[in-house]
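Welcome, and thanks for taking a look at this one with me. Below are a few numbered points to guide your reading.

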Amino acid sequence: MDSLETELDRARELDVGELADAIEAIGFECTRCGACCKSEDGCGDGSSTDESDPEPHTATVFPDEIRRLQEAGDYDFRDVARPMPYGIEATPDGPQGETFEWALQTDACGDCTFYEETDGTGACTVHEDRPLICETYPFSVALGGTSQPMGEAVDSEGMVRAHECEGLGRDVSRDDAEDLAAALKERAVRELQEAIGVRENYEPTDVEGVVVHDSEGQKRPDGTEL
């Protein structure tokens, strides 16, 4: 496996035009169905949701993206983000464990807290400030150290992977494809920079409760540093 630094060099050398070609070949148009913003097992039928549901909506958000969202709506940290649940266990004394990412905050149904729906049409209430993972879904880049959002790829073209979405296969303009490609390259670079930062700033801790290790150090669930 190549080092994160090698993958970061590859990400920086990605050709936006080639990524745009791949996106055009696959095709995509957002239908505003909201599937990428909602839990797979949420409250769509009005029934209650088990808080231990193993399939909540999870969208990775970088520390600076959290701050930008806070500033955009005068939100508290926990209004925007929560510790990524992977690596955290429920115990009689409360949640315990370590995790290495932040996820966008969710509501009682497990949907993204910034998602709203009217007559079956979805909308993002922070669209102009949305994280890169939201801006680039349903695509990712086939580089080691970068994420595959919401499961395995269902299609691919060159370095571009496409993930489950009803908007795939639709015509996309060249301008939109290039905008997506540029954001996709930026996300690939940022994911690798974050991974390197987490590795370099990691310090073991014996603090009780939940600890999030991100590129800025060790933090509590409310975003404050240990």
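1. Let's start with a cysteine. The sulfur of C124 has its closest cysteine sulfur in C112, 6.5 Å away, which is too far for a bond. Please keep in mind that this is a predicted model. C134 is in no disulfide either: its nearest cysteine sulfur, again that of C112, is 6.3 Å away. A disulfide needs the two sulfur atoms within 2.5 Å, and by this rule the count comes to zero disulfides.

2. How accessible are these cysteines? C124 is partly exposed, at 32% relative accessibility. C134 is also partly exposed, with a relative accessible area of 31%.

3. Next, have a look at E128, which sits in the loop between β7 (121-124) and α5 (132-136). Is E128 buried or exposed? With 72% relative accessibility, E128 counts as exposed.

4. Three strands make up an open sheet with antiparallel pairing, in the order β8-β10-β9. At the edges are β8 (139-141) and β9 (153-157), each of which pairs on one side only. From one strand to the next, the twist averages 30 degrees.

5. To see the pairing in detail, follow β9 and β10 (residues 160-163): they are joined in the antiparallel sense over four bridges. D155 has A162, in β10, as its bridge partner.

6. Finally, a helix goes with this sheet. Helix α6 (residues 174-201) packs on it, touching β8 and β10. The direction of α6 makes about 50 degrees with that of β8.

Methods:
Residues are numbered from 1 along each chain as its sequence is written. This is a predicted model: local features need pLDDT of at least 70, side-chain atom pairs count only at pLDDT 80 or more; totals for chains, interfaces and linings use all residues. Side-chain values use heavy atoms; hydrogens and water are left out. Buried means under 20% relative accessible area, exposed over 50%, partly exposed in between (1.4 Å probe, protein chains only). Helices (H or I, at least four residues) and strands (E, at least two) are DSSP runs, numbered from the N terminus. Two strands pair if DSSP finds at least two bridges between them. Axes are lines fitted to C-alpha atoms, for helices over the stretch in contact, and angles run from 0 to 180 degrees between N-to-C directions. Contact means heavy atoms within 4.5 Å.
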